[in-house]
Amino acid sequence: MQRPRVAEDKDSLYKPTGKGWGELDLDSMSRPERAATLKAQRTSNLTYQGGPLMVNPNKVYMIWYGSAWDSASQNVLTNLASHIGGSPYFNINTTYYNASNTHVVNSVTYAGATSDSGSLGTKLSDANIQTIVTNAISSGKLPLDADAVYFVMTDKNTTATSGFCTQYCGWHTNVSYGGKDIKYAFVGNPETQCASACGANTPSPNGTPGADAMASIFSHELEEAVTDPDGNAWYSTRDGMENGDKCAWNFGTTATASNGAKYNQTIGGLHYLIQQNWVLAPTQACAQHYP
Ligand SMILES: [Zn+2]
């Protein structure tokens, strides 16, 4: 397994890349890599760097990319997107605030979805992923919306060539498009490509290992997008970690579902195994919920 992007990359030493390291499953790392990751997660607090946060009620748009999606897997993820807003888990993000002391609100609306059966093939560059988003907007399939995060959810046969499975499981970034600051994210389906590196367990809480793994990656990228949408708000200046990175693969207390799968959240009536998130108050730490 290739070493995750870490401190030797000068560009990512002090600023987040959105492809934050620490997003690979700790179990897939060598012992030195795991030790370095855990030490960094423990020792660097997040500070506010002056940039914008997403402080309006948030929206999520899904772009189902690839021809291998099934409705059961999509339902696991749309149920999460529909109900994560208002949850004690997403409430952790309300501890984050901007220069006007305006806090993130515990509100996420699942505002729509579109499909792309594979217009740009199965090996996507970062530029391709941006094009998938802007195509969905320019074609009118999704609205132009600066209060949203557009998620490119790839199927199990699609990969991202800048490092899916070897450097990250997902990432988020932004682009100026149509006169607005458009936030978008890539979330890969690890089921057949890297179940160990990106956490696709069998059994999984909903019997959909790829989608159940993507639930945690989706949550990670969503919480980073709202607290650090442009890469200049909340992160650690020591290592570029954003809130999701601080608790990657840290699930806290888990329970066991009737099928034997581990889970730690019940959202919209379904069980999920979702990483914890970094709370700012009263002290900075990983948490499953706030307060
Ligand atoms: Zn991250």
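How many residues has α4, and how far does α4 reach from its first C-alpha to its last? In this predicted model, in which residues are numbered from 1 along each chain as its sequence is written, local features were required to have pLDDT of at least 70, side-chain atom pairs were counted only at pLDDT 80 or more, and totals for chains, interfaces and linings use all residues. Side-chain values rest on heavy atoms, with hydrogens and water left out.

Helix α4 has 19 residues and spans 28 Å between its first and last C-alpha, close to the 27 Å expected at 1.5 Å a residue, the expected span being 1.5 Å times one less than the number of residues. Helices here are DSSP runs of H or I with at least four residues, and strands are runs of E with at least two, numbered from the N terminus. Because 19 of the 19 residues of α4 are buried, α4 is largely enclosed by the rest of the structure; buried denotes under 20% relative accessible area, exposed over 50% and partly exposed the range in between, with a 1.4 Å probe and protein chains only.

Helix α2 (residues 71-83) packs against helix α4 (residues 209-227) at an angle of about 25°, the axes lying 9 Å apart. This angle makes α2 roughly parallel to α4, a term applied to angles under 35 degrees, where axes are lines fitted to C-alpha atoms over the stretch in contact and angles run from 0 to 180 degrees between N-to-C directions. The contact, defined by heavy atoms within 4.5 Å, brings S73, V76, L77, L80 and A81 of α2 against A211, D212, M214, A215, F218 and S219 of α4. The residues of this contact divide into 8 nonpolar, 2 polar and 1 charged.

Most residues other than glycine have a negative phi, and most peptide bonds are trans. Positive phi values occur at N101, near 60°, in the loop between α2 and β3 (108-116), and at C165, near 85°, in the loop between β6 (159-160) and β7 (170-177). With a relative accessibility of 9%, C165 counts as buried.

How values were computed
Parallel < 35°, antiparallel > 145°, perpendicular 65-115°, else oblique. Nonpolar A, V, L, I, M, F, W, Y, C, P; charged D, E, K, R; others polar.
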